[in-house]
Amino acid sequence: MQPPEDIKCIIIEDELPAASVLQMHIARFPFLKLKDTFSSCTKALSVLNSEKVDLIFLDINLPGVPGNQFASTIKATTGIIFTTAYSDYAVQGFELNAVDYLLKPISFERFSKAINRYLTLYQHNSSVLPAVDKVDARPFVFIKCDRKMVKIFLDDILYLEAQRNCLLIYTENEVYRSYQAISEMEEKLPDTLFVRMHRSFIIALDKVKAYNNSYVVIQDKQIPIGRMYSDVINSTLKANVK
């Protein structure tokens, strides 16, 4: 059996948690190449009109143009996998010749079946389910940096700092620059591992070396505790920092 050809895909999804789940599932297939993630159909048009996209993960309930309406404008050579929280749309999805219809929350097993269905329909390959024991189990997020989606492992992140027009993500070995709002990242990161402690800072709890009522220390950096966050931060640190 020949290995699958690279599949260039995009996500159109307005809910950050759902988009993050799709990004994590996609990353487990080396032949799936995620080009970008969009929160609406209109925002995805520039890529679809200028570049080759093989597969779209398309939410149905989107602001502006709904996904099922947008799907009717997509050329037949591009596969569509619908995603939604409502099972009522399943029949309509298949009437639009969708590859598959995924009901949220989307498990990795169900996602894998949809990818195999795409390969059967578009590349005529047999099943290529990846071996779960060979998959990297470290949790991660994809962050848009310099016009590409960058995979960042959660346990590498030290803290995040919002500056005037960008967000800096400090890791053990590198600093990433993104133009996402810090509030968007706050939604993506698990609150069991990260906490917002200032309007400009999110910290990784396990990276805190010391703290007092005014700041925390991560590596050699003193990070101020915002006045409106002080009560929550102090109780969180007492509960989590050994």
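**A sheet, its helices and a hairpin**

Good morning. I begin with strand β6, in which five of the six residues are buried, so this strand is largely enclosed by the rest of the structure. Please keep in mind that what we are looking at is a predicted model.

What does β6 pair with? Its partner is strand β7, residues 148-153, and the two run in the antiparallel sense, joined over six bridges. Within this pair, Phe142 stands opposite Lys151 in β7. The hairpin that β6 and β7 form has two residues between the strands, and in it Asp146 takes a positive phi near 50 degrees.

Strands of a sheet pair through backbone hydrogen bonds, in either a parallel or an antiparallel manner. In this case there are five strands, in the order β2-β1-β3-β4-β5, and the pairing is parallel. Which strands stand at the edges? They are β2, residues 32-38, and β5, residues 100-103; each has a single partner strand, so one side of each is left without a neighbour in the sheet. On average, neighbouring strands of this sheet are turned by 20 degrees against each other, direction ignored.

As one example of the parallel pairing, consider β3, residues 55-59, and β4, residues 79-84, which are linked over five bridges. Here Ile56 stands opposite Ile80 in β4.

Next come the helices that meet this sheet. Helix α2, residues 41-50, packs on the sheet and touches β1, β2 and β3, and its direction makes about 160 degrees with that of β1. Helix α5, residues 108-123, lies across β1, β2, β3, β4 and β5, and runs at about 170 degrees to β5.

Which residues of α2 are buried? They are Cys41, Ala44, Val47 and Leu48. These residues cover an arc of only 110 degrees around the axis, which puts them on the same side of α2. Their cover includes β1, β2, β3 and also α3, residues 67-71. On the face of α2 turned away from the buried side, we find the exposed residues Thr42, Lys43, Asn49 and Ser50.

Finally, I come to the largest pocket, with a volume of about 470 Å³. It is lined by 20 residues, and of these the closest to its centre are Asp36, Thr37, Lys144, Gln180 and Glu184. Where does the lining come from? At least two residues each are supplied by α1, β2, β6 and α6. Thank you for your attention.

Terms used. Residues numbered from 1 in each chain as written. Predicted model: local features only at pLDDT ≥ 70, side-chain atom pairs only at ≥ 80, totals over all residues. Heavy atoms only, no water. Pairing = 2+ DSSP bridges. Helix = DSSP H or I, 4+ residues; strand = E, 2+ residues; numbered from the N terminus. Axes fitted to C-alpha atoms, helices over the stretch in contact; angles between N-to-C directions. Contact = heavy atoms within 4.5 Å. Buried < 20%, exposed > 50% of the residue type's maximum accessible area, 1.4 Å probe, protein only. Arc of directions from axis to C-beta. 1 Å grid on protein atoms, 1.4 Å probe; cavity = no way out; pocket = protein on both sides within 12 Å on 5 of 7 lines; lining within 4 Å. Points joined across faces, edges and corners; volume = space filled by probe spheres on them.
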